[in-house]
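Subject: Structure handover

Hello,

I am passing this structure on to you. Please have a look at it before reading my notes below.

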Amino acid sequence: MLDQLAFTQENRERIQAVENSFGPSGMSLIRPDRVLIGEGRLMKLCRRRPQSKVFFLFNDILVYGSIILHGHWHRNQHVISLEDIQLEDLEDGVIMENQWLIRTPQKSFYVAAASAEEKRAWMEHIEDCRCKQLQHAGCQPGCTFATTWIPDRASAICMRCSKTFRLNKRRHHCRRCGFVVCNACSKNRAVICHISTKPVRVCRLCHLSLQDHGELTQDEVHLRGDSDGRKCSDESDLVMPEYEATSDDEANERVENHAPSNWVDCHNSWTPFNYLKPDHQSLNLTGLSSQCERTLKSIY
């Protein structure tokens, strides 16, 4: 009983520290049955380059954000329910090694760990917590996920009209297909329910497809926006979702500047995934190096 009380108090203090690190802009993370499983830093492939992010795995949610002061201050908090997550293992890419794909209804993105062992540990623990949460909630896993955005650097031309991007011809992303498109080819807006309840940017072809399938309202058929996604139809003054203008992919570039050519070699930018939950000692860690096993168990 005393051990349980000590663990409960220690767990609450750790969750409170995570919550406080995001400041007043972050969501409240304290819940009676919530347990902080582990934390660490991963590289997340953003629009222009990979960036180091802090990730916190709880028994029911995955939280990540930008690093302002390591271990003390974070921002741009994102909270994802584990029931809504789908993981896809990937081979090493040109830009990132030890990577995998995290799919969610609102956003899908690539992340990478410092080593194959760290990658395996992250994926196994996320999947383990996800399965237990689905079983506990008695629900089925989600089946609708956001399209993964194609990185800016993958195309020098608009993937719809083939015109070259320049300083006065900016890159944008269609929220439905994830293609890199110019402003002229992505002036239309539509509500994609699993992404946002407000209209988001879609390319011309996706807008026509939604219209052909009867998935647009009469207002959405004529809904358009400016290059910043803030001006809408002639008849209404709908506001674009906050993440449209303040996407962490763009905002964080003012905080961190990891060049894509050297991020893999910056081992000092990584921290191991520290597991905090005692019963995770019973997980099958076959295949992990002895060094990784010591890292996972040293916290307790």
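Here is what was found, starting with the whole chain and moving on to single residues.

**Overall picture**

Please keep in mind that this is a predicted model. The chain has 300 residues, and 46% of them count as buried. Its secondary structure consists of seven helices and 12 strands. The accessible surface is about 15600 Å². Carbon and sulfur atoms account for 49% of that surface.

**Salt bridges**

The count is seven salt bridges. In general, side chains of opposite charge can pair when their charged atoms come close.

Start with R14 and E10. R14 is partly exposed, at 22% relative accessibility. E10 is partly exposed too, with a relative accessible area of 34%.

Next comes D60 with R34. D60 is buried, with a relative accessible area of 13%. R34 is buried as well, at 8%.

E127 counts as partly exposed, at 29% relative accessibility. Is R130 buried or exposed? R130 is buried, because its relative accessible area is 12% and the cut-off for buried is under 20%.

**More on helix α2**

Helix α2 spans residues 116-137 and holds R130. What does R130 touch beyond its neighbours within four places in sequence? R130 is in contact with L82, I85 and P141. R130 and I85 are 45 residues apart in sequence. In space, their C-alpha atoms are 7.7 Å apart.

Q133 is also placed in helix α2. At 14% relative accessibility, Q133 counts as buried. Leaving out residues up to four places away in sequence, Q133 touches N59, D60 and E83.

**Helix α3**

This helix runs over residues 204-212. Its residues C206, H207 and L210 are buried. Seen down the axis of α3, the buried residues fall within an arc of 100°, so they line one face of the helix. After α3 comes G214, with a positive phi near 70°.

I68, L69 and W73 make a nonpolar surface patch of about 280 Å². W73 belongs to strand β4, residues 73-81. W73 counts as partly exposed, at 38% relative accessibility.

N76 lies in strand β4 as well. Its backbone deserves a look. Most residues other than glycine have a negative phi. N76 is not a glycine, yet its phi is positive, about 55°. N76 counts as partly exposed, at 25% relative accessibility.

N98 is another residue other than glycine with a positive phi, near 55°. Where is N98? It lies in the loop between β5 (86-89) and β6 (99-103). N98 is buried, with a relative accessible area of 12%.

**Cysteines**

How many disulfides are there? The count comes to zero. The sulfur of C161 has its closest cysteine sulfur in C158, at 3.6 Å. C161 is partly exposed, with a relative accessible area of 26%. C185, in contrast, is buried, at 3%.

Best wishes

Methods:
Residues numbered from 1 in each chain as written. Predicted model: local features only at pLDDT ≥ 70, side-chain atom pairs only at ≥ 80, totals over all residues. Heavy atoms only, no water. Buried < 20%, exposed > 50% of the residue type's maximum accessible area, 1.4 Å probe, protein only. Helix = DSSP H or I, 4+ residues; strand = E, 2+ residues; numbered from the N terminus. Arc of directions from axis to C-beta. Patch = residues over 30% accessible without salt bridge, like charges linked within 9 Å, V, L, I, M, F, W, Y side chains within 5 Å. Areas by Shrake-Rupley, 256 points an atom, 1.4 Å probe, with all protein chains shown as cover. Salt bridge = Lys/Arg side-chain N within 4 Å of Asp/Glu carboxyl O. Disulfide = S-S within 2.5 Å. Contact = heavy atoms within 4.5 Å.
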